[in-house]
Amino acid sequence: MDCAHAKCVALTFDDGPGPYTAKLLDILAARHVRATFFLVGTNARAYPKLVRRERAEGHVVANHSWDHADLRRRSAAGVRSELARTQRAIERAGGGTPTLMRPPYGSTNGTVASVARGLGLAQILWTVDPLDWKDRNTALVTKRVVRGARPGYIILSHDIHRTTVNAVPAIIARLKAKGYVFVTVPELFSGHLKPGHKYFKRPR
Ligand code: NI
């Protein structure tokens with residue numbers, strides 16, 4: 001997929017795996033859509049089969065800290081512990097070694113960038129935030145994602161919320177109808193992601 005010419009968007013799902021992740025994976029598989037999952041280490045440890053399944057089904061498994069920490073408030077050693085422990089939990093579960101991280105709350109600074117660089121992790125932020133953690137409303141989340149999408153954008157959402165998972169079929173159908181194709185974050189950037197650097201969308 002050449003996202004320089006196609007209308008690409010990247011669906012991303014944070015904070016899992018959780019009780020609704022298996023249903024989400026069924027929805028994505030039935031529609032041949034691949035996504036990017038930013039996992040919290042404690043949940044990777046709790047749901048190793050889902051971590052393995054995400055990877056086996058072609059999704060990208062990435063790092064979202066051990067316990068959803070505000071990394072800007074941690075020392076370099078604290079940030080390193082948050083990220084390295086999560087790398088190990090994902091590896092142990094069979095999810096491979098992540099090359100992407102997303103700082104919880106988008107909270108990052110030079111220390112986070114430097115630790116991420118050392119661990120080989122690019123920082124992935126987002127361009128569309130449907131506030132699905134706040135408004136547990138499937139129709140509203142669907143509308144915000146569909147209205148907010150533009151080519152090259154990264155869409156933030158959370159697979160730990162049932163209402164979000166229930167929005168995914170309509171999000172995919174409506175964006176497909178507008179000509180969008182769904183890619184993983186590395187595909188969106190044609191693989192050109194530098195460790196430590198921050199990415200919000202594909203530049204046009
Ligand atoms: Ni999060």
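This is a predicted model: local features need pLDDT of at least 70, side-chain atom pairs count only at pLDDT 80 or more; totals for chains, interfaces and linings use all residues.

Trainee: Where is aspartate 15, and what is its phi?

Mentor: Aspartate 15 sits in the loop between β1 and α1. Its phi is positive, about 80°, although the residue is not a glycine. That loop also holds proline 17.

Trainee: What makes the bond between glycine 16 and proline 17 cis or trans?

Mentor: Look at omega: it is about -5° for the peptide bond joining glycine 16 and proline 17, and that bond is cis.

Trainee: How do you know whether phenylalanine 13 is buried or exposed?

Mentor: Its relative accessibility is 3%, and with a cut-off of under 20% phenylalanine 13 therefore counts as buried. Phenylalanine 13 belongs to strand β1. Setting aside neighbours within four places in sequence, its contacts include Leu24, Leu28, Phe37, Phe38 and Val168.

Trainee: What is the C-alpha separation of phenylalanine 13 and alanine 30?

Mentor: Those C-alpha atoms are separated by 17 Å, and the two residues are 17 residues apart along the chain.

Trainee: Which residues touch the most other members of the largest nonpolar core?

Mentor: Leu11, Phe13, Leu28, Phe37, Ile155 and Leu175 do, in a core of 34 residues. At least two residues each come from β1, α1, β2, α3, α4, α6, β6 and α7. Helix α7 gives the most, with 6 residues. Apart from this core lies another, of 17 residues, with Phe38, Ile154, Phe189 and Tyr199 among them. As a general point, nonpolar side chains in soluble globular proteins tend to be buried together.

Trainee: What does leucine 11 touch?

Mentor: Not counting residues up to four places away in sequence, leucine 11 touches partners including Val33, Ile155, Ile171, Ile172 and Phe182.

Trainee: How many cavities of 30 Å³ or more are there, and what lines the largest cavity?

Mentor: There is 1 cavity of 30 Å³ or more. The largest cavity has a volume of about 60 Å³. Its lining includes Leu11, Phe13, Pro130, Val145 and Ile171. The elements giving two or more residues to that lining are β1 (8–14), α6 (138–148), β6 (153–158) and α7 (162–177). By class, the lining residues divide into 8 nonpolar, 3 polar and no charged.

Trainee: In helix α3, which residues are buried, and why do we say they line one face?

Mentor: Leu50, Val51 and Glu54 are buried in α3 (residues 48–56). Seen down the axis of α3, the buried residues fall within an arc of 105°, so they line one face of the helix. The face turned away from that buried side carries the exposed residues Lys49, Arg52 and Ala56. On the buried side, the packing partners are α1 (21–30), β2 (36–39), α2 (41–46), β3 (60–63) and α4 (76–93). Just after α3, glycine 58 has a positive phi of about 90°.

Trainee: What about α1: which of its residues are buried, and why do they line one face?

Mentor: Thr21, Leu24, Leu25, Ile27 and Leu28 are buried in α1. Down the axis of α1 they fall within an arc of 160°, so they line one face of the helix. The cover over them includes β1, β2, α3 and α7.

Key: Residues are numbered from 1 along each chain as its sequence is written. Side-chain values use heavy atoms; hydrogens and water are left out. On a 1 Å grid over the protein atoms alone, a cavity is a set of points where a 1.4 Å probe fits but cannot get out, and a pocket is an open set with protein on both sides within 12 Å along at least five of seven lines; lining residues have an atom within 4 Å of a point. Grid points are joined across faces, edges and corners, and a volume is the space filled by probe spheres set on the points. Helices (H or I, at least four residues) and strands (E, at least two) are DSSP runs, numbered from the N terminus. Ala, Val, Leu, Ile, Met, Phe, Trp, Tyr, Cys and Pro count as nonpolar, Asp, Glu, Lys and Arg as charged, and the others, Gly among them, as polar. Buried means under 20% relative accessible area, exposed over 50%, partly exposed in between (1.4 Å probe, protein chains only). The arc is that of the directions from the helix axis to the C-beta atoms. Contact means heavy atoms within 4.5 Å. A nonpolar core is a set of buried Ala, Val, Leu, Ile, Met, Phe, Trp, Tyr and Cys residues joined through side-chain atoms within 4.5 Å.
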